[in-house]
Amino acid sequence: MSGQARMLFTPLKVGNLTLANRLVFSAHLTNYAEDFLPSERHAYYYRERARGGVGLIITEEQSTHPTDHPYEKLIHAFHPKVIPYYRRITDLVHAENTPILAQINHNGGQSSGMFTRLPAWAPSALADPLFREVPKAVEHDDIAEIIAGYAQVAEYTQQGNFDGVELQCSHSSIVRQFLSRNTNHRSDGYGGSLENRMRLLREIIAAIRAVVGRSYVISVRLCGDELIRDGITIDETVEVARILEADGHIDCINTSIGTATQTLYMIEASMRIPPNYALFIPSAIRKAVRLPVIGVGRVKDPIQAERILTEGHADLVGVVRAQIADPEFARKARENRAEDIRLCLSCNQECVGRMGLNRWMGCIETPATGQEKLYGVGTLKPVETAKKVVVVGGGPAGLKAATIAARRGHKVVLLEKEPLLGGQVVWAVRVTSRAEFGDIVRNLLHEIEQLGVEVRTGVIATPEVVLAEKPDAVVVATGSTADRNAIPGSDGPQVADVIDILSGEVKPGKKVLVIDRLGFHEATSVAEYMAEQGCEVEVVTPTLYVGQDLGVTLDLENWYRLARRLNIRCTPNHSVLSISEGTVMALHNYSGQMVNFGPVDTIVLAIHRRAEHGLYDQLKGRVRSLHRIGDCVSPRRAHAAIIEGEKAGRAI
Amino acid sequence: MSNDSTMPFEGLFAPLSLGKKTAPNRFVFAAHQTNFAVHHRFEKRHADYYAARAAGGVGLIVLEGSVVHVSDTPYEYVIAGYDPQVVEGYQLVRAAVHRHGALVLAQLTHSGMQGSSHYSQQPLWAPSPVPEVNSRELPKEMEPEDINALIDGFAQAARLALEGGLDGVEINAGQDSVLRQFLSPLTNQRGDEYGGDLANRLRLVRDVISAVRGQVGSGAIVGLRLSGDEYAPWAGIKPEDAVAIAQPLAKDGQIDFISVTSGSIYSGHVTRPGLFMPPGFATHLAAQIKAAVSLPVFAQGSIVDSEMAAALINEQKADAVEMTRALIADPDLPNKLRQGQVDDIRPCLLSNQDNIIGIVQNARLSCVNNPAAGYEGDPEFAPLTRAPVPHQVMVIGGGPAGMEAARVATLRGHTVTLYEQSHHLGGAVRLAAAAPGRERLALAVDWLEKQLRKLGVTIKTGVEVTPEMVQKIAPEAVIATLGGKPRQRPPGLFQETAPLVNPRQVLSGEVPDEAGKAVILDAIGDVIGMGVAEWLTERGWQVEVVTSDMFVGQKLTASLELTPWNQRACAKGVALRPQIEVQRVTAHTVIGVDIFDRQEITIDDVDLVIDVANEAPNEELYFALKQAGVRVFRAGDAIAPRYMAQAILEGYRVGREV
């Protein structure tokens, strides 16, 4: 075999299984569970990646005990009623000749009693830093129950026709809590020395092996560095791997970094953290054991994955978000079509970001994610009679609508008033740390080009221009404009909006105030951009802290580190009420006092934009099939533009 | 039945005509989110929940809101009132409620800009593109066809409610309602006939009322929920505007009652008010509207005390009282009042501790003081049965867990002796209630103590129980509820000379008489740090709160206490110092680092340092007894220090199990 990724497509034996390639869709939460059971959505979701050619799938965690319930949509696997739901998944995945493991886990003290109305269980009665609920230090009867729970659930997975199990002993697990000095303060046989701290893990593995027999795969996922005080570090993890291999019960070692409730931003790293940042872990383990080792950590494309293998860091590569964005990642890689892959942005907006909000997982670029049955591969049917479709606006919404409509066989003309396609994304990616967000447009432009959509830039689409095309359908995706009337005085001369700055239209003065009412990347990005150019920047927001919505995308910690380095001043809890020359008056939300943030040289508005719906209003009633999508309906984030583009493209 | 003790409450038991129907009394269990729905329908769990209140004597139940259009999914488990499948759920609930003689209405609602697009993946609807300040989401300005769809939605939902056998509907034009957003110039900036002057802003509500009345006819009840004050005086509905809104709608003659709530996008915390709002804070708004219209008017706003409720009726400030949370805490409140058992009513604490339905985790509604709330159908809350063999039971520890365990065990026929090492009962709750504004928490333990005395439980205070004592007394079972204790802190953090105290010491007054500068190191971010801060400021201390979180009071958001706390902190001059990790505390200095750049930050001239950290369980006695082969149970903080809700629930459980 030759091509872009030769080693990636070399088979590998893991225990009894022969994997067709080295790509793993490793375990991750989806919030697809219904009534605490695996749903149909799960089955279609995994099937889609199996069809796309991945070598191995590992499901999200299957909880082993009723004391474990850290988030609402956890799968309760400790009841035999899961088995038929398991078979629904394994039937669909096995039909694609893809092996699949079930990850089994107990989250221990990284949980609360909110749903269980029981104390959480942990090695010691120490509150988790996120949940802040003191757990019960498990008694010996409890430990026996934990072990029995793992064995029982392993048996259910086997009856559900999985090919094996993975024990999550890493970022959110009672097993890691026992392994770590940070959380294990016990003085009995389960605490103290490494041997003692490993005891629970070894007892669990032995119990599972006794139940499932030799041919059922057992993989163990270990944390290579907890990144916390007194936490697990790589040397100890290598030792654990060595001992487990010597015990002879396990078939594979998967790796992970960080803990889910303290350093999550290192587990599901956003674009602010370089790719391959966690490879030191599989690399070190692989030197010590012969078992196959899985490496993970923001692997975005097959060339990167291939390099991980050829450089000897791992035997298998976990690729999650890239396959969430493009379920056909593996097939395209195998066919040497890496450039056709819809690259993941590592933006975390709709995948990781929705997890923290207890919502089902999606993808900013791929509305089909989690809705495979409705929008998945193969659901886009060619039309019988091609229509002439005019799409007005070449931002994400318009581009998405154009690709979907064109894919179905319509003849699409895309009109854009600017010289460049991409809408606001063109400017958002001017900020160095946000550059990868630009892949959303790269991916769409690649499709537009392949599909032969007729693109006309620099065209002001008046109703006459649109109607002159004699369209059968019109999609209005005209976006939004800056709102310069939202605050008294915000139309003044020293005021600019975010795009004015990022596009270079306005050059900021020395002293700059950013007014943030959005709480997302707009303010933090423009602040970073100007501070890097040497401006003295302050960000003022009515929210509790600057960048309040950066927490769920895991950008918060690293933006703040950068902000401190660039001396960006962050001022929360203030609502700017008026601007005039020399003054920017703001109300302190809680004291009611007025504070003057002026004088400053430049004021930058990171506030809600205004829908640009003039064309829609003018065309309403004059076009039979008229669609309005994205910001011109109501300015929101990119995912809304993409979803509405997808829906419009399908509706025509 | 009527005797001297019930006389003042008599007014509450007068029937109330609502249109052509009559509610048997003046108690209302108002609409509220529960998160019990499955597939957007009312469930058996709802039926059990409402039935318990109906059986307890409430006269009118307004069900959890039913949304009237597919564009609105404000929370994941909302009731889809537009879906014909809702009818079956209505029937289920109706049957359960009517059996006990109460009336039952659906609440029809659309959240407009206060909804969420996360579930629907559609833009929010609103009169104008005004950003919602909490979600920061910008809604779509409704087009004429959207307005028509909304009106049709209300009509369709009203029809389904009647098909479900309900007595009528309440139309929500109060908090969380697109109708209020149309009524208020704060959110309605339209230039068409639905915006501008009052007549225009009223248009949609009138259209909706007409459409609903047209569907349900004159036999069913149609009520209207209004916001009496949006607490946004610069542009919102002020009390006088609320009267001007209510009067013409009442005159139109199509509605049967008005329920008066308060709040808007800027005042979410008033919608689910906690201990920071005085009971009855919004009743003047109802009184004002009652004075201006000739319809029955319902009052609302932390009405939890029966005396206040009775006074509102007797003084003709309202025709009915919404006592929703009081009825969550004790479903039998009306019956107990009527039977003169005023002292037996389990009080609502207004703490919102176990009523945190608004958080993204979708917690199900329950009650700190009544763990059965929302779990009425669960076998563990079935009526208590007598223990097959009555036992001598020793309960060790007189906090809420121990008292609840003693109460339940006694009710089951056991002979219980309760031991408490201090000189009073109540445990850590007494300390929590010592914080300013949190006095009401003590009602929980006052009630338990009264019940124990009434049941004749032997109470021994000032006794520290040892394993030897237990061996000597030789009870058949022991319940160890010794609570929590301050935790051993990591070495190196506090120098020996540091002026260190824990929250227990502060709240029991063990601090220097002379006030100085106090620094609270808050590792939890909940009511403890807040309570300690306010206790100290009240005694003249200059207080700073240090946390490594992004802001102080991170755990106060669930119970909506954060905003009022921030307001009080400002007023009282408390300095909030977030994003600092404390590394060392010396005799007069707190030394920390910025959590991001690790630059050192010092706070000098410190006279007192309060270490607010999770406690450790007081578990030694439990393990000693267990080892000695005693039949021993534990509950509450003695397992793991948490909150009162867990203590009461686990106390109840061991009382039932022993």
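Me: Among contacts in chain A between residues at least 6 apart in sequence, what percentage join residues at least 24 apart?
Reply: The model is predicted, and chain A comes to 22 helices and 28 strands in its secondary structure. Among its contacts between residues at least 6 apart in sequence, the share that joins residues at least 24 apart is 72%.

Me: Which radius of gyration does chain A have, next to that of a compact globule?
Reply: The C-alpha atoms of chain A fill a box of roughly 75 × 65 × 45 Å along the principal axes, and buried residues make up 60% of its 652 residues. A compact globule with 652 residues would have a radius of gyration near 26 Å, and chain A agrees with this, having 27 Å.

Me: Are H13(B) and H21(B) roughly parallel or roughly antiparallel to each other?
Reply: Helix H13 (residues 400-411) of chain B packs with H21(B) at an angle of about 30°, and their axes are 7 Å apart. Angles under 35 degrees count as roughly parallel, and H13(B) and H21(B) are therefore roughly parallel.

Me: Which element gives the most to the side of chain B that touches chain A?
Reply: The contact takes 32 residues from chain B and 34 residues from chain A. On the chain B side, the elements that give two or more residues are helix H19 (562-571), strand S28 (616-617) and helix H21 (644-657). With 3 residues, the element that gives the most to this side of chain B is H19(B).

Terms used
Residues are numbered from 1 along each chain as its sequence is written. Chains are lettered from A and ligands numbered from 1 in the order in which they are written. This is a predicted model: local features need pLDDT of at least 70, side-chain atom pairs count only at pLDDT 80 or more; totals for chains, interfaces and linings use all residues. Two residues are in contact if their C-beta atoms, placed from the backbone, lie within 7 Å. Helices (H or I, at least four residues) and strands (E, at least two) are DSSP runs, numbered from the N terminus. Axes are lines fitted to C-alpha atoms, for helices over the stretch in contact, and angles run from 0 to 180 degrees between N-to-C directions. Angles under 35 degrees count as roughly parallel, over 145 as roughly antiparallel, 65 to 115 as roughly perpendicular and the rest as oblique. The radius of gyration is taken over C-alpha atoms; the globule rule is 2.2 Å times the number of residues to the power 0.38. A residue is buried if 20 or more other C-beta atoms lie within 10 Å of its own, exposed if 12 or fewer, and partly exposed in between; C-beta atoms are placed from the backbone.
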